[in-house]
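Visitor: Could you walk me through this model, one feature after another? I would like the general idea each time, and then the case at hand.

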Amino acid sequence: MDDTSIIDELFKNYNALIARIDAHTAAIQANWDGQIACKKGCDDCCRFLSLFPVEAFALSRAFCALAPPDREKVVDQARAGEEKCPLLVDHACMVYQARPVICRTHGLPIYMEKGGKVQVDFCPENFKGLTELPKEALLDIDQLNTLLAAVNGHFLENLDADLPDRIPVSEALELWQALETD
């Protein structure tokens with residue numbers, strides 16, 4: 001098995017999870033298009049994050065594939081240490097196709113239980129005037145986090161590296177390059 005096949009195998013479960021999330025979010029977009037304000041330029045929620053290693057490596061892989069001038073813009077922003085995500089350049093994510101789970105789902109309706117009470121949350125700019133959403137429109141955030149943690153655990157079991165539980169986006173940018181030079 002060549003290096004690319006090994007890496008693709010490492011990301012197999014993560015990519016499957018992302019495909020499921022993207023299918024769900026596409027259905028939400030299709031069914032409630034007029035109710036969703038999120039679009040390019042709407043970036044108030046694009047904050048500096050820390051990620052599970054599997055997401056950090058996926059993000060890093062996409063970052064390393066950018067053209068050098070684009071990578072330089074991102075690195076400059078990361079060094080500036082602002083609260084905004086360093087991957088946000090001119091109100092657009094430089095690695096949009098590889099964005100983490102939280103970025104794919106932020107602002108969309110999520111379901112959670114807190115203290116035994118059911119809660120539904122979404123961006124206040126979305127679904128204005130709606131008082132109810134059907135269950136199929138909701139992402140069960142606890143289930144999603146459990147799946148992501150399991151995918152991350154499997155990724156770590158198959159990666160020979162000593163990594164922290166969470167990796168800041170600014171540090172994730174260089175992971176792929178380090179992996180390729182080892």
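Visitor: Which charged end sits over the ring of phenylalanine 52?
Guide: A charge sits over a ring if NZ of Lys or CZ of Arg is within 6 Å of the ring centre and within 35 degrees of the ring normal. Here the charged end of arginine 166 takes that place over phenylalanine 52, 4.8 Å from the ring centre. Lysine 135 does likewise over the ring of tyrosine 111, with 4.7 Å to its centre.

Visitor: Before we go on, how should I treat the model itself?
Guide: This is a predicted model, in which local features need pLDDT of at least 70 and side-chain atom pairs count only at pLDDT 80 or more, while totals for chains, interfaces and linings use all residues. Residues are numbered from 1 along each chain as its sequence is written, and side-chain values use heavy atoms, leaving out hydrogens and water.

Visitor: How many aromatic pairs does the structure hold?
Guide: Rings of Phe, Tyr and Trp (its six-membered ring) pair if their centres lie within 6.5 Å; planes under 30 degrees apart count as stacked, over 60 as edge-to-face and the rest as tilted. There are three such pairs in this structure. Phenylalanine 57 and phenylalanine 155 have ring centres 5.6 Å apart and planes at 50°, so this pair is tilted. It links distant parts of the chain, with phenylalanine 57 in helix H3 and phenylalanine 155 in helix H6, 98 residues apart. Helices (H or I, at least four residues) and strands (E, at least two) are DSSP runs, numbered from the N terminus. Phe11, Phe57 and Phe155 form one aromatic cluster.

Visitor: Is phenylalanine 155 buried or exposed?
Guide: Buried means under 20% relative accessible area, exposed over 50%, and partly exposed in between (1.4 Å probe, protein chains only). Phenylalanine 155 has 1% relative accessibility, so it counts as buried; phenylalanine 57, at 5%, is buried too. Another pair, phenylalanine 122 with phenylalanine 127, is edge-to-face, at 5.1 Å centre to centre and 70° between the planes. In that pair phenylalanine 122 is partly exposed at 27%, whereas phenylalanine 127 is buried at 2%.

Visitor: Which residues touch the most other members of the largest nonpolar core?
Guide: A nonpolar core is a set of buried Ala, Val, Leu, Ile, Met, Phe, Trp, Tyr and Cys residues joined through side-chain atoms within 4.5 Å. The largest one has 38 residues, and those touching the most other members are Phe11, Tyr14, Phe57, Phe63, Leu87, Phe155 and Val169. Helix H3 (53-64) is among the elements that each supply at least two residues, and H3 gives the most, with six. A second, separate core of nine residues includes Ile28, Leu133, Ala137 and Leu138.

Visitor: What is phenylalanine 63 in contact with, leaving aside its neighbours within four places in sequence?
Guide: Contact means heavy atoms within 4.5 Å. For phenylalanine 63 the partners are Arg71, Val74, Val75, Leu87, Val95, Leu173 and Glu174. Serine 60, in helix H3, is buried at 0% relative accessibility.
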